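This report covers helix packing, nonpolar cores and backbone geometry in one protein model. Please view it beside the sequence and the coordinates.

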Amino acid sequence: MRYLPLTPDDRSAMLGVIGASSIDDLFADVPAEARLNGPIEGLPMQASELAVERHMGALSRRNRAAGDGPFFLGAGAYRHHVPASVDHLIQRGEFLTAYTPYQPEIAQGTLQMLFEFQSQVARLLGTDVANASMYDGSTACWEAIVMARRVTRRNKALLSTGLHPHYRSVARTMAKYTGDVLVDGDPELAAGTDWAALVAAIDKETSCVVVQYPDILGRIDDMSALAAACQAAGALLIAVVTEPVALGLIKSPGEMGADIVVGEGQSLGVGLQFGGPYVGLFACKAKYVRQMPGRLCGETVDANGKRGFVLTLSTREQHIRREKATSNICTNSGLCALAFSIHMTLLGEAGLRGLAAINHGRAKTAAAELAKIPGVAVLNESFFNEFTLLLPTAARPVIHRLAEQDILGGVSLGRLYPGNAGLENGLVVAVTETVTEADIAAFATALKEVLA
């Protein structure tokens, strides 16, 4: 899409219609200290299209692609192999150019895909029903907290210390405008999950308890007791899953009693893509379906008795009376949801379980090798494909030195929790099927040299 500038006459006509004397009037509400008073330093006033393309190309070549060497980054975004057929199919014109399925009679393909996506997500997460996707895992988590407030008519949410700090940050930002009270904190390296403490903290004001599974440190725990405690107190249990491949091996949150299960679907069908776009997963028990945000596609029959698909629920304020809306989520991540669904279909149940087994096996190998390094300890008693190392020194400088050797050796907790000295030696390492034995050996050798 090319940029087509307006003429001065065009601008004057538009300003006249809205009653503004100049473009500057449109920014009157922006504080003066936040406005630019002149050109941006180092940015030319104009350049040719060819010059801009060359400059941007040079900048892009400075990036290091995930496949350029040993890659152990995770913490909410994971590198998995995506079959070439996924990309091929989502680029078909009927999918790539399709828009919101407002008219079901001409959007049957899109609606059927979303219906199948919902079915896959509900089965994967162990719930009764799932919606047609959301923007990403963090916003899905916030929508779950708001939904719990609507269901329980309470406004205090207990957030596990093991919840991803970026998800916590999104929730804190939104809670400033809704009146929800969030109780949270940072994890402790020497301790397990805080789920027993959460049980003790539940009171008559608690709308929900939010836990991550596996959590930000890769720890896995049984949430059955927590689910029972929430149910007894009239609160909802929200489980967050950032690595859906894990559910190929471990019990789903829904099976253990979670009321709402949300998460990030990026691991299946969607590349890392520099952080987005991703695809949020949202599922719940059937009795809460009318409080669920987003869209829900349903299966029906037409006047001739033929199977068809429709947009059964669309709870955005655009479609219904504003006071009845459950969310202002504008759309679903349709193309990413399609990629997720194609990948899941190609894998099937046996394939997903096999993929999960490979991930876990290679993670165990990596953990065992890294634990041999003097001064390095693996903190997890159990994990899937992600675990936390305790280093004898701050992890962030170590990560930078490893990167100089073309090894992306994990995510430092010092980066995720700046200012928390108790976490700065922690390093979260993710190992997927894309990691080879040679990658693990190179990582272990380099880490030993850096720590020596």
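Helices α5 and α10 pack with their axes 9 Å apart, at an angle of about 50 degrees. Axes here are lines fitted to C-alpha atoms, for helices over the stretch in contact, and angles run from 0 to 180 degrees between N-to-C directions. Helices (H or I, at least four residues) and strands (E, at least two) are DSSP runs, numbered from the N terminus. The angle makes α5 oblique to α10; angles under 35 degrees count as roughly parallel, over 145 as roughly antiparallel, 65 to 115 as roughly perpendicular and the rest as oblique. The crossing of α5 and α10 is left-handed, a term for a near helix turned anticlockwise from the far one by less than a right angle, with right-handed used if it is turned clockwise.

On the α5 side the contact (heavy atoms within 4.5 Å) is made by M113, L114, E116, F117, Q120, V121, R123 and L124. On the α10 side it is made by G334, A337, L338, F340, S341, M344, T345, E349 and L352. By class, the contact of α5 with α10 has ten nonpolar, four polar and three charged residues. Ala, Val, Leu, Ile, Met, Phe, Trp, Tyr, Cys and Pro count as nonpolar, Asp, Glu, Lys and Arg as charged, and the others, Gly among them, as polar.

The model is predicted: local features need pLDDT of at least 70, side-chain atom pairs count only at pLDDT 80 or more, and totals for chains, interfaces and linings use all residues. Residues are numbered from 1 along each chain as its sequence is written, and side-chain values use heavy atoms, with hydrogens and water left out.

M113 lies in helix α5 and is buried, with a relative accessible area of 9%. Buried means under 20% relative accessible area, exposed over 50%, and partly exposed in between (1.4 Å probe, protein chains only). Leaving aside neighbours within four places in sequence, M113 is in contact with G334, A337, L338 and S341. M113 and F309 are 196 residues apart in sequence, yet their C-alpha atoms are 9.6 Å apart in space.

| Helix pair | Axis distance | Crossing angle |
|---|---|---|
| α6 (residues 137–152) and α7 (residues 165–175) | within 9 Å | roughly 50 degrees |
| α11 (residues 395–403) and α13 (residues 437–451) | within 10 Å | roughly 125 degrees |

The crossing of α6 and α7 is right-handed. G137, S138, C141, W142 and I145 of α6 meet Y167, V170, A171, M174 and A175 of α7. This contact of α6 with α7 has eight nonpolar, two polar and no charged residues.

α11 passes α13 in a right-handed crossing, and the two helices are oblique to each other. V398, R401 and L402 of α11 are in contact with F443, A446, L447, V450 and L451 of α13. By class, the contact of α11 with α13 has seven nonpolar, no polar and one charged residues.

Which residues have the most contacts inside the largest nonpolar core? They are V209, V211, M223, L226, L237 and F340, in a core of 55 residues. A nonpolar core is a set of buried Ala, Val, Leu, Ile, Met, Phe, Trp, Tyr and Cys residues joined through side-chain atoms within 4.5 Å. Elements giving two or more residues to this core include α5 (108–125), β4 (206–212), α9 (224–233) and α10 (334–370). α10 gives the most to this core, with ten residues. Not counting residues up to four places away in sequence, F340 touches F117, V121, L124, G265, L268, G269 and L281. Apart from this core lies another, of 32 residues, among them A144, A157, L163 and V289.

Most residues other than glycine have a negative phi, and most peptide bonds are trans. A cis peptide bond joins Y213 and P214, with omega about -15 degrees; P214 is in the loop between β4 and α9. The bond from G276 to P277 is also cis, with omega near 5 degrees, and P277 is in the loop between β6 (260–264) and β7.

Q273 is partly exposed, with a relative accessible area of 38%, whereas F274, at 79%, counts as exposed.
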